[in-house]
Amino acid sequence: MIYLDAAATTPVRREVLEAMWPYLTGDFGNPSSTHSLGERAATTLAEARASVARVLGVRSSEIVFTSGGTEADNLAVKGIALGAPRGRQLVITPIEHEAVLESADYLRRHHGFRVDVLGVDSTGLVDPLEFQALVTTETTLASVMFANNEVGTVQPLAELGRIARAAAVPLHTDAVQAAGWLPLDVRALGVDALSFSGHKLGAPKGVGVLFARGRLPLEPVLHGGGQERGHRSGTENVAGAVGLATALTLAEQTREGDAARITVLRDALIAGVQNGVPDARLTGHPTARLPGNASFCFPGTSGEAILLELERDGIVCSSGSACAAGSDEPSHVLLALGVDPAVAQTAVRFTLSAATTAAEIEETIGAVARAFRTVRALAR
């Protein structure tokens with residue numbers, strides 16, 4: 001099998017499993033307990049928090065462990081907005097993950113917030129000047145995804161951060177896809193909150209992180225025993241936190257080299273697909289995109305049919321976001337880019353991991369051309 005769906009999830013790294021194992025077996029204590037077993041768990045949790053904080057360049061107290069990227073996005077958008085609802089205006093883009101879109105819509109429906117949508121061009125990029133026009137000293141929160149999960153476009157986040165700071169507007173970014181590929185130093189990015197998920201970079205599913213700058217009021221989404229410094233109640237997933245911290249640290253150690261190598265393979269895949277299938281349409285920005293993302297539309301076909309043909313050839317990829325799997329509706333991301341709805345339903349997304357090889361890319365290029373010819377012939 002050639003696995004090219006890393007944007008959906010990645011396998012758990014062996015080093016991560018080994019780091020987690022003690023906290024799934026002998027050291028199983030609850031970090032809120034005051035006996036020695038609980039104290040060891042609390043110490044381990046603190047060490048994991050510090051490891052994550054080092055990569056992001058923040059204080060340990062600004063790291064909140066969550067159940068994943070969706071919860072982290074919810075806590076960021078709802079928590080910051082309700083913690084200090086100045087102006088009751090949110091600024092988001094139309095290509096955010098559903099976790100951000102639905103959180104903003106919840107605030108609109110139940111708390112009277114106005115949601116202003118920052119447009120994107122045909123490649124998925126926002127215009128910083130439009131962003132500057134939308135945010136004011138009365139804006140409650142702006143949320144702009146660092147790198148898109150479907151088309152891979154990377155936003156000029158540092159520039160947006162400078163604009164947000166000048167207007168004293170908190171800026172959150174969903175960095176779920178960026179983690180492991182792009183620098184996450186929040187000082188350089190100029191963001192006040194950043195969320196990501198462990199299972200995109202070799203940790204298990206079910207653990208994520210929200211960085212929230214210490215000065216930000218943050219209303220909890222989950223109420224209870226007051227864990228995570230009162231930001232997120234519930235017994236902490238110590239083993240998951242260890243796994244995420246280990247995976248993030250390992251990814252950061254090899255990130256620059258991995259990104260450079262996978263970018264070459266990504267570009268080879270794009271060129272090979274476009275050469276073998278002249279009708280293929282690359283979606284997203286041609287260069288300002290994630291190293292491992294190559295996404296296409298194949299007009300005149302069915303994206304699902306091409307996926308089935310590729311899987312018969314042993315190649316696993318997707319038609320877009322795994323969170324929208326099974327939906328009959330065209331991708332909201334592609335529609336925002338101006339793609340015709342019928343064409344949007346022909347989308348296929350290839351997302352490479354650090355383990356992807358040149359031989360796998362060469363085999364995939366040939367398989368895509370064969371799949372396209374087969375599906376086109378059936379359509380005719």
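Modeller: Cys297 counts as buried, because its relative accessibility is 0%; here buried denotes under 20% relative accessible area, exposed over 50%, and partly exposed the range in between (1.4 Å probe, protein chains only). The model is a predicted one, in which local features need pLDDT of at least 70 and side-chain atom pairs count only at pLDDT 80 or more, while totals for chains, interfaces and linings use all residues. Residues are numbered from 1 along each chain as its sequence is written, and side-chain values use heavy atoms, with hydrogens and water left out.

A disulfide is defined as a pair of cysteine sulfur atoms within 2.5 Å, and by this rule the count is 0. Cys297 takes part in no disulfide, the nearest cysteine sulfur being that of Cys317, 13 Å away. For Cys317, the closest cysteine sulfur is likewise that of Cys297, and the 13 Å between them is too far for a bond. Cys317 is buried, with a relative accessible area of 12%.

Turning to the charges, a salt bridge requires a side-chain nitrogen of Lys or Arg within 4 Å of a carboxyl oxygen of Asp or Glu; the structure holds 19 of them. In one, Arg49 pairs with Glu228, with the closest N and O atoms 2.7 Å apart. Arg49 belongs to helix H2 (residues 36-56), whereas Glu228 sits in the loop between strand E8 (208-212) and helix H8 (238-276), so this contact ties together parts that are 179 residues apart in sequence. Helices (H or I, at least four residues) and strands (E, at least two) are DSSP runs, numbered from the N terminus. Both partners, Arg49 and Glu228, are buried.

Glu62 and Arg59 also form a salt bridge, at 3.2 Å from N to O, and Glu62 is buried at 6% relative accessibility. In the bridge between Asp267 and Arg266, the N to O value is 2.8 Å. There, Asp267 is partly exposed at 35% relative accessibility, whereas Arg266, at 4%, is buried. Asp105, Arg108 and Arg109 are joined in a network of salt bridges.

Finally, Asp121, Asp127, Glu130 and Glu159 make up a negative surface patch. Such patches comprise residues with over 30% relative accessible area and no salt bridge, like charges being joined within 9 Å. Asp127 lies in the loop between strand E4 (114-117) and helix H5 (128-134), and its relative accessible area of 37% makes Asp127 partly exposed.

Technical notes
Patch = residues over 30% accessible without salt bridge, like charges linked within 9 Å, V, L, I, M, F, W, Y side chains within 5 Å. Areas by Shrake-Rupley, 256 points an atom, 1.4 Å probe, with all protein chains shown as cover. Lys, Arg positive; Asp, Glu negative; His and termini not counted. Charge placed at Lys NZ, Arg CZ, Asp CG, Glu CD.
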